[in-house]
Amino acid sequence: MTPTGSAIAIAGAVRRGERSAREVVDEHLAAVEAREDEIHAFNLVLADEARAAADEIDRRVAAGEDPGPLAGVPIALKDNLCTRGVPTTCSSKILEGWRPPYDATVVQRVAAAGAIAVGKTNLDEFAMGSSTENSAFGPTRNPHDTSRVPGGSSGGSAAAVAAGFAPLALGSDTGGSIRQPAALCGVVGVKPTYGAVSRYGLIAFASSLDQIGPFAHDVADAALLLEVIGGHDAMDSTSIPQPAPSLSAVLDDGVDGLRVGVVRELLEGVDADVAASVQRAAEALAAAGAKVEEVSVPATIYGLSAYYLIAPAECSSNLARYDGVRYGLRVDADDITEMYTATRAAGFGPEVKRRIMLGTYALSAGYYDAYYGKAQRVRTLIINDFAAAYERFDALLSPTSPTTAFAFGAKADNPLAMYLSDVCTIPSNLAGHPAMTVPFGAGDDGLPIGVQVMADALGEPVMFRVAKALEEAVK
Amino acid sequence: MSELVHADEWETVVGLEVHCELKTESKLFCGCRNAFGDEPNTNVCPVCLGLPGSLPVLNRHVVELAMRVGRALHCRVERSIFHRKNYFYPDMPKDYQISQYDEPIDVEGHLELPDGYRVGIVRAHIEEDTGKTAHIGGSGGRIHGADHSLVDYNRAGVPLLEIVSEPDIRTADQAKAYVSELRAILVATGASDGKMEEGSLRVDANVSVRPSHRATFGTRCEIKNLNSLRSLARAIEYEARRQIELLEAGESIVQETRHWNESEGRTSSMRSKEEAFDYRYFPEPDLVPVAPDEAWQATVAASLPVLPAERRARLADAAGVAPAEVALLVELDLDQLVLDSVALGADPRVSINRAQNEVAADIGNAGRLTPSSFAALVAMETAGKITATQAKQVLAAMLGGEGDDPAAIVAARGFEAMDESTLAASVDEVIAANPDQWQRFVGGDQKVTGFFVGQVMKRTQGKADGKAVTRLLQERARR
Amino acid sequence: MPARISADDVRHVAKLARLAVTDDEVELFAGQLAAVLEHAQDVEALDTGGVAPTAHPLPLENVLRDDVARPGLDRDEVLAMAPAAEDGRFRVPRILGEAP
Ligand SMILES: [Mg+2]
Ligand SMILES: [Zn+2]
């Protein structure tokens, strides 16, 4: 029932003409058909479009062309990535029905590599949340236990990969929105170095923190997808002016001689089963030849506070444009100010409103220095402490999420408790560093646990080597 | 408004903010055309429409123009960053404006007016323009009483350079001179087409008044919607009087933004009291700093043309006149012609007069004159070979395409200065024919001088030299 | 820093953010915002004197594009997105004040 085969295996078979892309797509669409009602990974399934795209790939293969490294591989796209002519909602009523007139750079790049978009995945509205419960179109369920959340905000993408709807997915990560749901759904999730992947066409939540990254079943597939979407893009001023680093080539280099630090501060307050997994992961790396030690990165303890000042502030500005004038929802009113306030009150859900309010407050007259300005200085402290750690270590290790997947509603009434889900992932966003999660064991409840590997800016190659070693250790 | 009793006891203080639309092919942050007058919403893309997911990328030429203007205004060109200025308005697609805030590209310069007065420049910064809103229903396209509005985003994202002066301006005329001079600099540097009527230059004036002896400034009001030099001057005069009247009546000035209504000739408060603005500036995370290095700055500096002030100084020096006297020539781009003509030995005064009157009147054909032909014409006039009237006619003929040899034109038309005795005879005939007017002239009535000169001109078919006629008349009156 | 956020603070912020809020929401937000800001007190209390702010995780400068005009979007496609359009333009309800 569940489709098998990694993205690499599928693309290889399709390129060699051993499997048709159409057959691959049909198989995955059948999986969607079988379980999507239960999971609700997608806001939109692109069945007809995917079949047509698959037929085109097959035609090209038959004509002797090479459709690219992801030939015929189904991919699920988080519904905050703009897709030309295809509704892109951010799981918000305010954008319901909006069809962007352009494709995000990553959407162009995966299509150019031969991948086939099978659907737009559910998310917490505007990527604000850690459970996908904040979607205006209903929550996504964790394929491992449908009474639990998949994590968030990229819960739909994580669930789509975990449920076998697609071997690959794209998500976005502002404070952990790829890594935390990947961990909770038992898949690999990567937040690249800030600027490594173009943000053009990613609907912004917090611009200085947002990064697009891959979901996959294994580290090699994630590496391949990152190679496809990475590299400079002239449409994004914050794009690193370098080609994407080669990752696939270094995956099997091993960790012998690498220095790996386990971050003490990020183990505090996490569940015992999660901490135990991190401990076993550290031992596994040591067994594989790495030099593993505990390390302190003190300023990370301020990460959550800094994040919840910076991200809402940027979001309050990024989301101003949803005003009922040019696109999306409008609630008619007598004058424009009433139209604005009525449209935004009706179009945004409670969490989005809360963050807009928080961010507006933090930027308003008299508070800038105490809140946003201060948080930016804390960001510097975190970067400095990481820099000190990276003088002694090649990569760092920590839990991805303090807990395994939690039940629906468990944290819905307490924003702060929900925010704490991201306490381990946020520091990398603030520093702009790469970080990824690899499934490593299960919790006392039998649900997946993810271990986070972090590296210095542009340290993806070493990060992937460590991740690959952890994956090997689990096998 | 009534006459002010104590107008001379007050001093007006003005600082100007000039928004200049930069002359580029494309917009500030996207590749859409930067063009005036196109069909609405035809020069738009995801970036300048603020569509979700779009990102800005800075136009290199905008930075270079800003650097050029900065140089021309004697500013320091600094490392600069962009901020977001957050407020809701339908002409602004993202509901924030990307603008340079506390770290602008150009800082601390000055602009010298033709009369030598220096106005300090606080800063010049890059920012994006808004779209255009048309108000439908109600009266005359005005916002109040309109039923609804229509928005065109062609102008949204057009690059602006906002140039902020120190409050060094003291009169409406000085404000006009400042804007004229700034406009000339912006045109000379290639930054602007200078078309105020198309909104390429838009001026806001910060106006306050204070008792003439006081050193501290009064409370200022910002006047918006000044779309011509005439509006600028009228608005400053109106606003200063309004403030003086309030103060003389014992009231105080409320710091606010006021809108100039050209047809009513008055300013009015722009917004309702409850509307509080809090722009929540923060650094634009989608853009990175602009930090021109020495090499780039040097390249830009080398590309600067000779600026109006230097052109005035150069000509004034050569002609031995005050710079202000040649301001018009520089504005008309005739300074080089005069400069070359003077270098060829032509009389500076006559050269300046002929250029700024006769040549200016047919400025489109000024290219038909060469320095040597112009200098030759001036030389014939100063040598008395032709009269001033004849010189003007010959110049008109040269501009009209009748060749660039003034001597040939003089010969063809039979122009020669009359000899003294023929002219004296004509003068005597005119006197004899008009005894009443002559009695008035002899009695000291200067007003009939023109009448006699005109009559002599008529009789000599314009060949007479007006100055010689006047001299002959005066000699005869003294007899 | 305010230990609490008043209902008036919430209403003022909602107005700046152009969000219509009910009385219930005002009360809810006042409590929740205060809780988050209280959590941020550790950051407030930090001595960051001499620490430069990081606006951006990347040290990039001078990212520029050439001044070349390219065709934009088709107007029909653009206006088809609009909740209301008229005469080639976006139609909005009456505006109460001039732009600031
Ligand atoms: Mg401005
Ligand atoms: Zn554009």
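Guide: Let us begin with a word we will need: a residue counts as buried under 20% relative accessible area, as exposed over 50%, and as partly exposed in between. Please keep in mind that this is a predicted model.

Our part is a pair of side chains in chain A. A:Arg15 and A:Asp66 form a salt bridge, and their closest N and O atoms are 2.8 Å apart. This pair joins distant parts of the chain: A:Arg15 sits in helix H1 (residues 7–15) of chain A, while A:Asp66 belongs to the loop between helix H3 (47–62) and strand S2 (74–78), 51 residues apart. Are the two partners buried, exposed or partly exposed? A:Arg15 has a relative accessible area of 38%, which lies between the limits of 20% and 50%, so this residue is partly exposed. The value for A:Asp66 is 44%, so A:Asp66 is partly exposed as well. As background, side chains of opposite charge can pair when their charged atoms come close.

Now look along to strand S2 of chain A, where A:Pro74 lies. Its relative accessible area is 0%, under the limit of 20%, so A:Pro74 is buried. Which residues does A:Pro74 touch, leaving aside neighbours within four places in sequence? They are A:Val24, A:Val25, A:His28, A:Ile116, A:Val118, A:Ala166, A:Pro167 and A:Leu168.

The contact takes 62 residues from chain A and 48 residues from chain C. About 5100 Å² is buried between the two chains, and carbon and sulfur atoms give 71% of that area. On the chain C side, C:Arg18, C:Leu19 and C:Met81 supply 11% of the area that this chain buries against chain A, more than any other three residues.

The rule finds three of them across the interface of chain C and chain A. In one pairing between these chains, the side chains of A:Arg84 and C:Glu77 meet at 3.2 Å, N to O. There are also 18 residue pairs in polar contact between chain C and chain A. The elements of chain C that each supply at least two residues to the side touching chain A are helix H1 (7–16), helix H2 (23–39), helix H3 (41–45) and strand S3 (89–93). Of these, H2(C) gives the largest share, eight residues. By kind, that side of chain C divides into 36 nonpolar, five polar and seven charged residues.

C:Arg91 pairs with C:Glu86, with the closest N and O atoms 2.6 Å apart. C:Arg91 counts as partly exposed at 29% relative accessibility, and C:Glu86 is partly exposed at 26%. Elsewhere, salt bridges that share partners join A:Arg199, A:Asp236, B:Arg84, B:Glu284 and B:Asp286 into one network.

One last stop is chain B, with a magnesium ion. Its protein donors are B:Glu127 (OE), B:Glu127 (OE) and B:Glu162 (OE), 2.1 to 2.6 Å away from the ion. B:Glu127 lies in strand S7 (residues 118–128) and B:Glu162 in strand S10 (residues 159–165) of chain B, so the pair ties together parts that are 35 residues apart in sequence. B:Glu127 and B:Glu162 are both buried, whereas A:Arg15, where we started, is partly exposed. Over all chains, the count comes to 67 salt bridges, and the pair of A:Arg15 and A:Asp66 is one we have now seen closely.

Technical notes. Residues numbered from 1 in each chain as written. Chains lettered and ligands numbered in written order. Predicted model: local features only at pLDDT ≥ 70, side-chain atom pairs only at ≥ 80, totals over all residues. Heavy atoms only, no water. Contact = heavy atoms within 4.5 Å. Buried area = accessible area lost by both parts, 1.4 Å probe. Salt bridge = Lys/Arg side-chain N within 4 Å of Asp/Glu carboxyl O. Polar contact = N/O pair within 3.5 Å; in protein donor to acceptor, adjacent residues only side chain to side chain. Helix = DSSP H or I, 4+ residues; strand = E, 2+ residues; numbered from the N terminus. Nonpolar A, V, L, I, M, F, W, Y, C, P; charged D, E, K, R; others polar. Donors = N, O, S within 2.8 Å, 3.2 Å for Na, K, Ca; no water. Buried < 20%, exposed > 50% of the residue type's maximum accessible area, 1.4 Å probe, protein only.
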